[in-house]
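Hi,

Here is the structure I promised to pass on. Have a look, and my notes follow below.

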Amino acid sequence: MLKINIIPALQDNYVYFLEDEKTGKTAVVDPSEAQPVLDFMKDHKKAKLDYILNTHHHGDHIGGNKELKEKFGGEIVAFKGDAHRIKNIDIMVEEGSDFKIGESAADIYEVPGHTLGHIAFHFPSSMALFCGDTLFSLGCGRLFEGTAKQMWESLKKLRSLPDNTQVYCGHEYTYANGNFCLIMEPENGALHRRLIGVKRLRDAGRPSIPSMMGIEKKTNVFLRADQPDLLANVPLAKQDPVSVFAYLREQKDNF
Ligand code: ZN
Ligand code: FE
């Protein structure tokens, strides 16, 4: 099992500090900047960092790599297809690679769309998914490099994980995302109930993360491009999932 700590960074990024309970091995996921991680480690008396995991190449996910690696010697774990734009990768991975933090094994998924190289780390024994900017709580990443089809396939891959999977994404966007979902699916009762809880957490200054895959499937419109309840609100003649997903993404981009 992994102990998972949430470290807020930059404006609205989340960095995750992981510790394998059995072995004490540690890792950090998507360190946008080093300082909040250093502060966390000092406060919690953590002296070592074994791995630095990156989901994709954007600066707000790798900005702290260099300093953390220099200070602690942590090995950088990232997608082998991104070796040209993520510096000094020590462990190159791709879908199906074996990777472990101590005794906690990760399944690695390639989930392109936001960027062409983008991976997600799923730790089945901890029921935890780290999905960067592919799947957000009540949203998904913008299509900077990939196509709607690629992103929809990536989201379907993540959607097939167990309902009790905890979703740790790259940003705190839940409330704004939820307001967009409400416009697309105003009669979704689960979504209304969920947003009340999200607002309460945010008003108390707490993260809305992790989310759960089961509830994402019921409330995140980007995972629902093939669901009849959502399709009833989509004014497209051709309602295949990729076209519907592309429509939703476009609406969100202009929201
Ligand atoms: Zn990004
Ligand atoms: Fe990001």
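How are the donor residues of the zinc ion (ligand 1) spaced in sequence? The pattern is H-x1-H-x55-H-x18-D.

Before the rest, some housekeeping. This is a predicted model, where local features need pLDDT of at least 70 and side-chain atom pairs count only at pLDDT 80 or more, while totals for chains, interfaces and linings use all residues. Residues are numbered from 1 along each chain as its sequence is written, chains are lettered from A and ligands numbered from 1 in the order in which they are written, and side-chain values use heavy atoms, with hydrogens and water left out.

The zinc ion (ligand 1) is held by His56 (NE2), His58 (ND1), His114 (NE2) and Asp133 (OD), at 2.2 to 2.3 Å. A donor here is an N, O or S atom within 2.8 Å of the metal (3.2 Å for Na, K and Ca), and as water is not among the atoms, sites may look incomplete. The angles among the four zinc donor atoms run from 86 to 170°, and the site is irregular. For four donors, tetrahedral needs all angles between 85 and 135 degrees; square planar (four donors) and octahedral (six) need opposite donors over 155 degrees apart and all others between 65 and 115; anything else is irregular.

The iron ion (ligand 2) is coordinated by Asp60 (OD), His61 (NE2), Asp133 (OD) and His171 (NE2), at 2.1 to 2.3 Å. Its site is irregular too, with angles of 83 to 167° among the four donor atoms. Along the chain, the iron donors are spaced D-H-x71-D-x37-H.

Asp133 coordinates both ions, which sit 3.2 Å apart. Asp133 is in the loop between β10 (128-132) and β11 (135-136), and His171 is in the loop between β13 (166-169) and α5 (174-184), so this pair ties together parts 38 residues apart in sequence. Helices (H or I, at least four residues) and strands (E, at least two) are DSSP runs, numbered from the N terminus. Both Asp133 and His171 are buried, as is His114. Buried means under 20% relative accessible area, exposed over 50%, and partly exposed in between (1.4 Å probe, protein chains only).

**Strand β10**

Is β10 mostly covered or mostly open? It is mostly covered, with five of its five residues buried. Ala128, Phe130 and Gly132 are on one side, with Leu129 and Cys131 on the other. In general, side chains in a regular strand alternate between the two faces of the sheet.

β10 runs antiparallel to β9, with three bridges joining them; strands count as paired if DSSP finds at least two bridges between them. Leu129 in β10 is the bridge partner of His122. The two strands form a hairpin with four residues between them, and Met127 in the turn has a positive phi of about 50°. With β13, β10 pairs in the parallel sense over four bridges, where Ala128 partners Gln166.
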